[in-house]
Amino acid sequence: MGAVSATIGGPSSGGSETTVSPEAAISARGISKSFGDVRALRGVDLDVAQATVLGLLGPNGAGKTTLVRILTTLLTPDAGSASVAGIDVVSDQNRLRERIGLAGQYAAVDENLTGLENLTMVGRLYGFRRAAAKARGRELLEQFDLVEAAGRPVKTYSGGMRRRLDLAAALVAKPPVLFLDEPTTGLDPRSRLDLWDVIEKLVSEGTTVLLTTQYLDEADRLADRIAVIDHGSVIAEGTPDELKDRVGGERLEVHLEDASQAAAAAQALVGMSDELPAQSGALVRVGVRGRSGAIIEAVRRLDAAGIGVDDIALRRPTLDDVFLALTGHAAASEDQA
Amino acid sequence: MRRLLSDTLVVTERNLIRLPRAPELLLAFTLQPIMFVLLFRYVFGGAIRVPGGSYAEYLIPGIIVQNIAFGGFVTALGLNEDMQKGIIDRFRSLPMSRAAVLAGRTSADIVTNGLSMTILIVTGLIIGFSFQTAVLHVLLGLVLALTFGYAFSWVFAFLGLLVKSPEAANSVGFLAVFPLTFISSAFVPGQSLPTPLRQFSDVNPFTIIVNELRWLWTGQPSPDQLWQAFAWVAFILLVFSPLAVRRYRRAAGR
């Protein structure tokens, strides 16, 4: 996520979805769940239109995984109702399980089985005959570039290969709705990009995806709409662009020559914004009211205060800014480049 | 019901595939029992006086029961590992029979128990054990041993779902089963034990199972009845399988 000067008015990724889709692939109303005294979810509403990606963002412990577990029948909600692919998640669990795929953050494949054996086993548990399950397994191994490793026990696989196999296992029955719980956590950048390509292709072919992630760039790239969840409630929902607009307009970023002048620089810029400038090291950031003339005015103010500037740029808010503004803390602390 | 059977078969197969690929497990099922037979027969055997027959004849039924009771520890390890690694979640998200996960696990134990029992019997035959009863009694003895092992697999299934780590499952299982088998008639006659231990040994289900197995295979008279042995098997099964299933539901529903 570089602070490249923004291109404004880029294509909106949301498309022309109407606000309420009667044929929503996933629809939840008032979902609540408590574990003892801990209220993990407090009345979550959610809609995901067919063949789109909903990115579920939130800090650790916000309730993302609990929501996924409810929508995939692993947990029963205390209150509320939800349907996936038109099937109720509580009353019709077995029928629903035939229509969903789940890939989790722990890569739930059996280490002692080979790639092909894993997929064949899953296929047979979906009710395929052995030969059909095997054929489908081979097909998926090819699709996920795992043919060469097909006969090796999974414990010899790399992290990226395990995730691909995990995703392949979720796709055995060609489910119309796919749940991905932090699918790329812990993966190297190359494997993440590969996995993103696979997910985009599935969506282009009509699969609906609910994706939880801590990586905002992942959500920005894949998600048509984003729901931000914190303390068990959805606190914001919209397309990535809508959410960025909500945080405010352009952000001015000033890199100072001397970090010790950061406070003085913030002071100098205070009049340009309705908010207090944020400082971190030699970087001062502030939301500005209008785009035109902002850089010139900032340079003039800083110059008048005798502050040396290394670099200055305007950019659109990122999802990081959104996240920070909404939840009061940054998203993932680790691995964020 | 057909779904339960076919899914159980798939899960059983999955649990057995790993055996030849995990040398340490295979050793536990093959070499370890042989080692125990040889140690008991040749190290302790000379010092232990048993009523009638040789020590080899006395020992084999006892060591088979001990070994088969331990056989279920693979279930404890396997289930615990599956919980930790999310494989149970994968299973639960599939349109499969829920009972098949536990049934497949314990069924796989029947196969591995059968394997180690065969090895034990062959070793026994080499060192001086022999069947001295009718074929029907011998077969009935095999059934008793295997069903007892199956019942114990459910004890281990419960245990594996209860504890936090595979290591814990292992040590708790060891602590529970070892004293139970040693303070029984498996290796030494109850009369040789100090009074409190003898009283415990007399009512210990292991003693009853071993005595009946000895009677079925070598014709040694037993103070207990065959129905008592099968009643214990049924009792263990009826107590621990619902416990394990309940625990599975609860542990998986987090």
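Modeller: On a 1 Å grid over the protein atoms alone, a cavity is a set of points where a 1.4 Å probe fits but cannot get out, a pocket is an open set with protein on both sides within 12 Å along at least five of seven lines, and lining residues have an atom within 4 Å of a point. This is a predicted model, in which local features need pLDDT of at least 70 and side-chain atom pairs pLDDT 80 or more, while totals for chains, interfaces and linings use all residues. Residues are numbered from 1 along each chain, chains are lettered from A and ligands numbered from 1 in the order written, and side-chain values use heavy atoms, without hydrogens or water.

Colleague: Which element gives the most to the lining of the second largest cavity?

Modeller: The residues around the second largest cavity are Asn15(B), Leu16(B), Arg18(B), Leu19(B), Leu25(B), Val74(B), Arg105(B), Ala108(B), Asp109(B) and Thr112(B). Helices H1 and H7 of chain B each give two or more of them (helices, H or I of at least four residues, and strands, E of at least two, are DSSP runs numbered from the N terminus). With four residues, the most comes from H7(B).

Colleague: How many residues lining the largest cavity are charged?

Modeller: Chain A contributes Asp110(A), Glu111(A) and Asn112(A) to this lining, and among the residues from chain B are Arg14(B), Arg18(B), Glu81(B), Asp82(B), Lys85(B) and Arg105(B). H5(B) supplies the largest share, three residues. Asp, Glu, Lys and Arg count as charged, Ala, Val, Leu, Ile, Met, Phe, Trp, Tyr, Cys and Pro as nonpolar, and the others as polar. By these classes the lining has one nonpolar residue and two polar ones, and the number of charged residues is eight.

Colleague: What volume does the second largest pocket have?

Modeller: The pocket is lined by 28 residues, with Ala28(B), Gln32(B), Phe70(B), Phe73(B) and Asn170(B) nearest its centre. Seven of the lining residues come from H9(B), the largest share, and by class the lining has 16 nonpolar, eight polar and four charged residues. Taking volume as the space filled by probe spheres set on the grid points, the pocket holds about 560 Å³.

Colleague: Why do two strands of the four-stranded sheet in chain A have one side without a neighbour, and which strands are they?

Modeller: The open sheet has the order E12-E13-E11-E14 in chain A, with antiparallel pairing (two strands pair if DSSP finds at least two bridges between them). E11(A) and E14(A), for example, are joined by six bridges, and Leu252(A) stands opposite Leu314(A). Each edge strand has a single partner, so one side of each is left without a neighbour: these are E12(A) and E14(A).

Colleague: At what angle to E14(A) does helix H10 of chain A run?

Modeller: H10(A), residues 294–304, lies across E11 and E14 of chain A. Axes are lines fitted to C-alpha atoms, for helices over the stretch in contact (heavy atoms within 4.5 Å), and angles between N-to-C directions run from 0 to 180 degrees. On that basis, the angle between H10(A) and E14(A) is about 150°.

Colleague: Is Thr120(A) buried or exposed?

Modeller: Thr120(A) lies in helix H3 of chain A, and, leaving aside neighbours within four places in sequence, is in contact with Arg130(A), Ala133(A) and Lys134(A). The classes of relative accessible area are buried under 20%, exposed over 50% and partly exposed in between, with a 1.4 Å probe and protein chains only. At 9% relative accessibility, Thr120(A) is therefore buried.
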